[in-house]
Amino acid sequence: MRIAVVNGPNLNFLGIREPDVYGHETYDDLIYMLRDYAMGKKIQLDFFQSNSEGALIDYLQQCYHKHFEGIVINPGAYTHYSYAIRDCIASLNIPTVEVHLSNIHEREGFRSISVVEDVCVKQLCGKGFRGYIEAIDYLCSKKRGCND
Ligand code: DQA
């Protein structure tokens with residue numbers, strides 16, 4: 001199963017940005033952990049991170065053309081206001097899980113609104129890196145044979 005793991009603005013700054021909220025581990029640590037998790041399973045992961053809305057949309061559209069079967073996305077702050085990313089996810093017809101490291105429902109009010117939630121099959125938040133694993137597992141559980 002081919003799954004894209006997409007991270008939005010400032011997630012390349014993990015380990016530097018607000019460690020009390022996002023922890024001390026880096027973006028590279030996240031990639032390493034997910035690669036390790038997928039190894040030996042029938043899962044092929046493709047990683048993309050950008051601080052730009054347009055670049056994220058261009059990448060997501062490529063996922064359509066490349067017939068990806070699942071997307072795990074942490075859109076960062078775009079979660080809360082990017083109708084462009086929302087419309088893009090809606091157009092793809094690829095099951096997409098929304099992930100947030102922190103619990104967006106227990107922080108500032110503006111973070112509790114996700115404009116992508118209704119076009120995603122699931123939202124996972126407040127679980128740190130574990131949320132990405134759960135998102136991959138969820139996508140795999142919908143596709144038989146993937147976790148063998
Ligand atoms: C985040 C939560 C967002 O509100 C924030 O803007 C981020 C990270 C998270 O992973 O908890 O950049 O998506």
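This is a predicted model: local features need pLDDT of at least 70, side-chain atom pairs count only at pLDDT 80 or more; totals for chains, interfaces and linings use all residues.
Okay, aromatics to begin with. Searching the whole structure turns up 2 aromatic pairs. The one I want to show you is F48 with Y59, and that pair is stacked: the ring centres sit 4.4 Å apart, with 5° between the planes. What does this pair link? Distant parts of the chain: F48 belongs to strand β2, residues 44–49, while Y59 belongs to helix α3, residues 53–65, and the two are 11 residues apart.

So are these two residues buried or exposed? Y59 counts as buried because its relative accessibility is 7%, and the cut-off for buried is under 20%. F48 comes out at 21%, so F48 counts as partly exposed.

Next, charges over rings. If you turn to R2, you'll see it over the face of F68, 4.4 Å from the ring centre. K41 does this with Y37, lying over the ring face at 3.8 Å from the centre.

Last stop, the backbone. Remember that most residues other than glycine have a negative phi. Now have a look at the loop between β1, residues 2–7, and α1, residues 19–22, which is where N10 lies. N10 has a positive phi, near 75°. E18 is in the loop between β1 and α1 too, and its phi is also positive, near 25°. How accessible are they? N10 has 40% relative accessibility, so N10 counts as partly exposed. E18 is partly exposed as well, with a relative accessible area of 40%.

Conventions. Residues are numbered from 1 along each chain as its sequence is written. Side-chain values use heavy atoms; hydrogens and water are left out. Rings of Phe, Tyr and Trp (its six-membered ring) pair if their centres lie within 6.5 Å; planes under 30 degrees apart count as stacked, over 60 as edge-to-face and the rest as tilted. Helices (H or I, at least four residues) and strands (E, at least two) are DSSP runs, numbered from the N terminus. Buried means under 20% relative accessible area, exposed over 50%, partly exposed in between (1.4 Å probe, protein chains only). A charge sits over a ring if NZ of Lys or CZ of Arg is within 6 Å of the ring centre and within 35 degrees of the ring normal.
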